[in-house]
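Subject: Structure handover

Hello,

Here is the structure I said I would pass on. Please look it over before reading my notes, which follow below.

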Amino acid sequence: MSRKPLAVPGEVFLEDLLAGIPHASAVLDEGARIVAVNPLLEVLTGYRRDSAIGVYAEFILRSNLPNGRGQLFQRVLDSGEPVSMDGDIIDRSRMRVPVRFTLSALRLRRNSQAVGILVVLEDISQLQAKAKSTLFGDWTTDIIGHSKKMQDVFNVMPLMAHTDASILITGETGTGKDKIAEAIHRNSARGKFQFVKINCGALPPELLESELFGHVKGAFTGAVRDKPGMFKLADKGTIFLTEIGDMPLPLQVKLLSVLDDRSYFRVGGETKERVDVRVIAATHRSLREQVDRGAFREDLFYRLNVLQIHLPPLRERDGDIRFLLDHFLGDYAERLGKERQTFSAEALELLLAYSYPGNIRELRNIVEYCVNVCGKSLIDREDLPRYLFAREVGVGQRAPAPPAPLAAGREPREPKGEPGEGENWRTVEREMILDALRDARGNRSKAAQQLGLGRSTLWRKMRQLNLA
Amino acid sequence: MKILLTAQGDYIAQRFDLAAEAVIATADNGVLSGRPRTIIMDRPSPENLSNMVMEENIAVVICGGIEERHYQFLQWKKIRVIDYIIGEHSVALERFLRGELHPGDILPLSRANLSL
């Protein structure tokens with residue numbers, strides 16, 4: 001067992017580096033032998049660094065990773081792609097400890113062959129205990145991101161939670177604006193009060209005003225009793241106005257007055273209602289552009305835009321696609337009570353090269369589809385949703401990126417036929433059928449052929465989707 | 001005296017609950033009688049492994065990490081457990097027969113390629 005030199009180019013001592021990681025961590029060499037460990041790993045495994053160095057990592061970690069013959073380590077070394085998965089280890093007190101393993105390749109230069117692996121073991125026993133004690137398994141606050149851009153977002157979130165200023169969250173559809181807003185609320189001083197979410201684009205203006213600010217009995221036809229409104233419900237808490245860019249101008253004035261005066265009149269009301277509410281707004285549009293077009297009030301824009309978070313689209317989050325695929329595979333396997341499946345190399349290549357215009361929502365739907373459709377332990381290329389192939393690009397080549405983030409000042413353009421806000425597989429299927437029919441000039445036989453379906457199957461699907 | 005070593009290839013399996021192989025050796029006064037035999041189970045199962053230990057009248061179990069409940073079960077059945085052993089099972093057996101094997105020992109690894 002020869003000792004490896006502990007320094008990497010730049011003369012950084014690996015153990016100094018590992019000491020800064022708040023979880024048990026180790027660096028492995030190309031043979032998956034331990035090169036360096038941090039004190040947290042010593043505590044978790046019970047092996048002091050002097051004993052552990054030079055030993056094949058699995059002997060020290062005692063994990064249940066699917067790592068027979070070191071194939072998981074080898075996969076990380078060969079592909080350079082990080083892997084994250086939940087499992088457990090047996091610690092030195094003979095206790096089984098649930099752990100989230102993250103394995104990342106270490107390279108000396110960009111795009112060069114990996115020369116080692118960084119293994120981080122996050123003790124998730126607390127998280128699992130909490131998940132078991134809550135009805136919904138804390139699904140709503142599950143924000144995953146290891147990329148630099150998401151780490152930047154996570155870094156500013158605590159700062160935003162500690163202030164009371166309005167926040168504007170921008171980002172494409174499906175990037176997790178709601179989850180970020182809720183996480184900020186929960187970690188703020190207002191966390192124990194209500195978090196009220198309302199979609200400004202989902203309701204007609206009259207109804208939206210009543211929903212937001214409430215009404216008094218008799219204010220309009222159908223107003224048979226007093227209604228407090230969302231702002232009142234969110235008193236002392238946070239109101240999350242999603243799709244703020246769709247809010248009608250007259251209501252924008254009223255919202256501005258609430259932000260300025262912390263008071264408003266209910267519809268038909270004569271007395272001022274006072275509220276203490278923090279406003280978090282989100283939009284997938286460019287509010288700046290809307291201001292220029294006169295569709296959004298400039299004063300409200302500045303009032304909301306005190307603090308801003310921009311959520312990067314998934315295609316710009318290096319490495320996160322792989323993490324999210326692993327995460328959702330495990331999650332759905334657990335929910336459906338199935339054995340955890342894995343993607344074949346070919347399927348994975350396609351999934352990693354896809355551009356995900358619907359971002360995490362789309363990725364989650366794809367994984368859900370695969371887990372439901374595939375009965376084998378290995379999800380292969382043919383188990384993936386067919387629309388991925390329709391827009392498949394060359395192997396290893398990224399799909400053309402959709403328009404730049406909207407916060408950067410452009411109108412959203414969902415690529416034709418790809419899933420967008422609120423869309424699911426049914427919507428995607430409908431779009432695919434419509435596209436095929438359009439291409440085939442209404443000829444169902446040709447459309448069915450193009451889609452790889454039988455003519456009667458296409459007809460049945462069209463009936464189900466109200467297309468016939 | 002019969003000795004069971006949990007195995008994964010040439011090595012002691014790193015976990016009792018994940019071991020799908022076991023090597024059983026019989027010794028008399030520190031000397032092996034006959035060649036150790038290897039038993040391959042259809043799947044890893046700590047319960048089946050514990051049953052095998054009972055059925056084979058094993059006196060000593062040499063293994064890697066083991067959960068407390070399995071450890072306690074074996075102790076309760078008066079079986080000696082030497083756990084957290086890292087290394088080749090043949091070396092572990094030799095050491096045990098010489099009376100030099102202790103829980104937590106990391107044995108000299110004779111092979112350059114440590115991949116399982």
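I start with one strand of chain A. In strand β13 (residues 278-283) of chain A, six of the six residues are buried, so the strand is mostly covered, where buried means under 20% relative accessible area, exposed over 50% and partly exposed in between (1.4 Å probe, protein chains only). Helices (H or I, at least four residues) and strands (E, at least two) are DSSP runs, numbered from the N terminus.

Before going on, a note on the source. This is a predicted model, in which local features need pLDDT of at least 70 and side-chain atom pairs count only at pLDDT 80 or more, while totals for chains, interfaces and linings use all residues. Residues are numbered from 1 along each chain as its sequence is written, chains are lettered from A and ligands numbered from 1 in the order in which they are written, and side-chain values use heavy atoms, with hydrogens and water left out.

Back to β13(A). Both of its faces are covered: A:R278, A:I280 and A:A282 are buried on one side, and A:V279, A:A281 and A:T283 on the other. Two strands count as paired if DSSP finds at least two bridges between them. Strand β8 (residues 167-171) of chain A pairs with β13(A) in the parallel sense over four bridges, and strand β10 (residues 238-242) of chain A does so, also parallel, over five bridges. A:A281 in β13(A) is the bridge partner of A:L168, and A:A281 is the bridge partner of A:L241 as well.

Elsewhere in chain A, A:Q252 sits in helix α11 (residues 249-261). A:Q252 counts as buried because its relative accessibility is 0%. Leaving aside residues up to four places away in sequence, A:Q252 touches A:M247, A:A295, A:F296, A:R297 and A:L300, contact meaning heavy atoms within 4.5 Å.

Chain B has three helices and seven strands. Their order from the N terminus is β-β-β-β-β-α-β-α-β-α. Of its 116 residues, 52% count as buried. Among contacts in chain B between residues at least 6 apart in sequence, 44% join residues at least 24 apart.

Now the interface. In it, 22 residues of chain A are in contact with 24 residues of chain B. The two chains bury about 2,100 Å² between them, 59% of it on carbon and sulfur atoms; buried area is the accessible area (1.4 Å probe) that two parts lose on being put together, summed over both. There are five salt bridges between chain A and chain B, each a side-chain nitrogen of Lys or Arg within 4 Å of a carboxyl oxygen of Asp or Glu. A:R96 forms a salt bridge with B:E67, with the closest N and O atoms 2.7 Å apart.

Which residue of chain B makes a side-chain polar contact with A:R96 at 3.2 Å? B:D17 does, side chain to side chain. A polar contact is a pair of N or O atoms within 3.5 Å; within protein, one must be able to donate a hydrogen and the other to accept it, and residues adjacent in sequence count only if both atoms are side-chain atoms. The side chain of B:D17 also makes a polar contact with that of B:R15 (2.9 Å). B:D17 lies in the loop between β2 (11-12) and β3 (21-28) of chain B, and B:D17 is buried because its relative accessible area is 9%. The C-alpha atoms of B:D17 and B:P46 are 4.5 Å apart, although 29 residues separate the two along the chain.

Regards
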